[in-house]
Amino acid sequence: WMDHLATGIDKLCIAVGSDSEAYSLREMTFTDIIVPWISFAMNSSNWDPVVNVEVGLKMHEALLTLIDKSFIGAEVEENTLLKHVIHREIIQKCVQPNLQRAVSYWKPKLDENNVVSNPMHRWILPWLPYFRNESALGTMFTDIRRSLKKTLSFISKHEPDDVAFFRSCIATLSAWQKLFEESTIFSLTSESVTPRFARCLARVPIEFSNDKQLWDQINTLFDYFDAGLMSEDEFLSLMEGEILASWAYTLHCATLEEKQLNLSGIAKFYSVWKERVFGQLSKCTKSQLALRGDLMLCRLFYGGLEMIRALI
């Protein structure tokens, strides 16, 4: 029906004779009839910005297309001026206030797998290309940050499995990395995720037998940091304090075994962990590069190597 409307407006504009009269007629048609009608619909209870985001987006995009088709002979500048009116009346006065209210009232819901089933990014991010640095966005971003923190806390309370919690946090925060500054994402992690990482990793037993070693929690820490959601300082602190201190203790205990010293087992224990922590230089991950550059970790592994050499 938008195409039929565009054709009708175009014929009216051609019929009036002069371009100035055509522009005035077209502007009046949009500002007095079409835009108020759409604004009323989008400000009514019939349009839910959370549930009906696609409907709103398609309506706005169709309206912009209608401008381009409504007067074939119109100059680009005239179309741009009319699109500014659409932006003011639809984006600033309808969409943005509705999104602001939706963020304020939004509460996270979890599905049967304890994954957020109604994430905010699905109904907020699609609108961002149409925003133009409006000052009111600052308030909405503050509310979004508050809601993200609330979401992480909500997931933590309802997800007893540590690894599943961390994976859900990755999914929740990754969607907002391009919108928020890195420091904001790091702060959310530091406040809501890192403490649970510390408790989880502290409970991971460091097994002398590599076949018995559990890697899920450690691998998830690597994945979380590699996703760009955690600061390097916190990542290194968790590795040093919760994992590698216990690793060094296990290695030390193995070297003190007097009855039957297992040199091959000690060497394998050391090499497996060295490979896990530092990786191969040709294909290091972001986390392994960070560990390679940490002087304390390098000293720790060098000390372990010296312990093994002393046994030979």
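Before we start, one term: two parts are in contact when their heavy atoms lie within 4.5 Å. Also keep in mind that this is a predicted model.

Select α10, residues 216-226. Its buried residues are Q217, I218, T220, L221, F222, Y224 and F225. What covers them? The cover includes α7, α8 (182-192), α9 (194-202), α11 (232-255), α12 (263-278) and α13 (286-292).

Angles under 35 degrees count as roughly parallel, so that is how α7 and α10 run relative to each other. To view the contact, show V163, F166, R167, C169, I170 and L173 from α7, along with D216, Q217, T220, D223 and Y224 from α10. By class, this contact has six nonpolar, two polar and three charged residues.

Stay here and zoom in on R167 and D223: they form a salt bridge, with the closest N and O atoms 2.8 Å apart. This pair joins α7 to α10 across 56 residues of chain. R167 is partly exposed at 37% relative accessibility, and D223 is partly exposed at 32%.

Next, pick D162 and R203, whose side chains meet in a salt bridge (2.7 Å, N to O). D162 is in α7 and R203 in the loop between α9 and α10, so the bridge ties together parts 41 residues apart in sequence.

Last stop: R88, E89 and K93, linked in a network of salt bridges.

Conventions. Residues are numbered from 1 along each chain as its sequence is written. This is a predicted model: local features need pLDDT of at least 70, side-chain atom pairs count only at pLDDT 80 or more; totals for chains, interfaces and linings use all residues. Side-chain values use heavy atoms; hydrogens and water are left out. Axes are lines fitted to C-alpha atoms, for helices over the stretch in contact, and angles run from 0 to 180 degrees between N-to-C directions. Helices (H or I, at least four residues) and strands (E, at least two) are DSSP runs, numbered from the N terminus. Angles under 35 degrees count as roughly parallel, over 145 as roughly antiparallel, 65 to 115 as roughly perpendicular and the rest as oblique. Ala, Val, Leu, Ile, Met, Phe, Trp, Tyr, Cys and Pro count as nonpolar, Asp, Glu, Lys and Arg as charged, and the others, Gly among them, as polar. Buried means under 20% relative accessible area, exposed over 50%, partly exposed in between (1.4 Å probe, protein chains only). A salt bridge is a side-chain nitrogen of Lys or Arg within 4 Å of a carboxyl oxygen of Asp or Glu.
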